[in-house]
Amino acid sequence: MKRYLALFLLLALLTGCGSVSPEKAHESIQVIAMDTPMLLTAYGETATKAVYAAEDVIRELDAQLSRTNPESDVSRLNAAGGQEIQVGKALQILLGMGLDCAAATDGAFDITMAPIISAWGFTEDSFRVPDPSELETLLESIHDPGMTLVTARDCVQITEGYSVDLGGIAKGYAADRVAEVFEENGVECATAQLGGNVLAWGSRPDGDPWRIGLQDPNRPDNPEGFAGVLALSNAFAVTSGDYQRFFEQDGKRYHHIIDPATGYPADSGLRSVTVAASCEDVGGTFDLPGAMCDAFSTALFVMGEEKALAFRDEWNAAPSNTPFDLILITEDGRVVVTGDLDFTLDEESGYVLETVS
């Protein structure tokens, strides 16, 4: 069974139907790209221009970064047999950032997982449980792609036998690019929902924060089944959860977040991880906070609660890093919220709220 549910903008509460003044008129469009339903909404005189420009950027990135498109830069690189090929800037940026994220998370995030993801059928939607010997062999062809980036010639080369999958970072990068479009067009308040990746640009037209519902992993089929609501302004929020994409075989459930150390779905005691970072905290080690949140949401799910919280503390302590905060939903029924995130628990969800400084 395939799931795309993660973060849902509470749009009925945001627009204030009928109360938006002409200068705050908005444009909202739906886009299907990167195997994900997306919703782009902007307010102001340039709203229409901005959302359609953002759609163009998303479709361009989809054409470059999709592993299911045989003509994309990613597919050509994977099929190059170790030869150097010329690619676009987006792939160059994400390959470099993907390797940086792998190093920062001690391999919990890994862009070379393509063979193992395919072995489970998550890319092709032909789900199956691989034989342990097959996974053992495939584990030998990940982690160290021997990648060379020759940016002066816009060329990339990876070792023969390796292949990359950017599904854990591409939508976050797309959110970064959408933020650039909104800024370039003078948009002061907007939202972009790219699957589990949300960009809350500025604040609501009435000046209040945007309200984002975090899906309850125990109620994935209920569009109003929230664990709680997160209030954000000018920030990215990305959720990775075991309920978003999974299948069942012989009475056992297998989700799509694969542990690079084992080749199996991560068994970390977590149901979902939400990573949030400000749009304003740029220019540090990772100056693409949307992509950072995307990669870290996957990595920290793999790590589990204790290591995820320790990683967040260590990362935020470095002055050159873009800081982030977390919302962890655990298997034992807790919602752990870090920092000063404005999160309101849904009392009907049955979770116990814990806050960590």
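Trainee: Okay, two strands pair if DSSP finds at least two bridges between them. How many bridges join E15 to strand E16?

Mentor: Three bridges join E15 to E16 (residues 334–338), and the two strands run antiparallel. Before we go on, this is a predicted model: local features need pLDDT of at least 70 and side-chain atom pairs count only at pLDDT 80 or more, while totals for chains, interfaces and linings use all residues. Residues are numbered from 1 along each chain as its sequence is written, and side-chain values use heavy atoms, with hydrogens and water left out.

Trainee: Where do the strand names come from?

Mentor: Strands (E, at least two residues) and helices (H or I, at least four) are DSSP runs, numbered from the N terminus.

Trainee: Which residue in E16 stands opposite Ile-329?

Mentor: That's Val-335. E15 and E16 make a hairpin with three residues between them, and Gly-333 in that turn has a positive phi of about 90°.

Trainee: And which way does strand E14 run relative to E15, parallel or antiparallel?

Mentor: Antiparallel, with six bridges joining E14 (residues 270–278) to E15. One of the contacts there is Ala-276, whose bridge partner in E15 is Asp-325.

Trainee: How many residues of E15 are buried?

Mentor: Six of the six residues in E15 (residues 325–330) are buried. Buried means under 20% relative accessible area, exposed is over 50%, and partly exposed is in between, using a 1.4 Å probe and protein chains only.

Trainee: What's on each face of E15?

Mentor: In a regular strand the side chains alternate between the two faces of the sheet. Here Asp-325, Ile-327 and Ile-329 are on one side, with Leu-326, Leu-328 and Thr-330 on the other, and both faces are covered.

Trainee: How many aromatic pairs does the count come to?

Mentor: 14 aromatic pairs. Rings of Phe, Tyr and Trp (its six-membered ring) pair if their centres lie within 6.5 Å; planes under 30 degrees apart are stacked, over 60 edge-to-face, and the rest tilted. Take Phe-182 and Trp-201: their ring centres are 6.4 Å apart and the planes sit at 50°, so that pair is tilted.

Trainee: Where in the chain are Phe-182 and Trp-201?

Mentor: Phe-182 is in helix H7 (residues 170–184) and Trp-201 in strand E8 (residues 197–201), so the pair links distant parts of the chain, 19 residues apart. Both Phe-182 and Trp-201 are buried. Phe-296 and Phe-311 form an edge-to-face pair, 5.2 Å centre to centre with 85° between the planes. Phe-296 belongs to helix H8 (residues 289–303) and Phe-311 to helix H9 (residues 305–317). Phe-296 and Phe-311 are both buried too.

Trainee: Which residues do ring pairs link into a cluster?

Mentor: Trp-120, Phe-122, Phe-127, Phe-247, Tyr-254 and Tyr-264.

Trainee: What lies over the face of Phe-246?

Mentor: Arg-253, at 4.1 Å from the ring centre. A charge sits over a ring if NZ of Lys or CZ of Arg is within 6 Å of the ring centre and within 35 degrees of the ring normal.

Trainee: Last one: is Gly-96 buried or exposed?

Mentor: Buried, with a relative accessible area of 18%. Gly-96 lies in helix H4 (residues 89–104).
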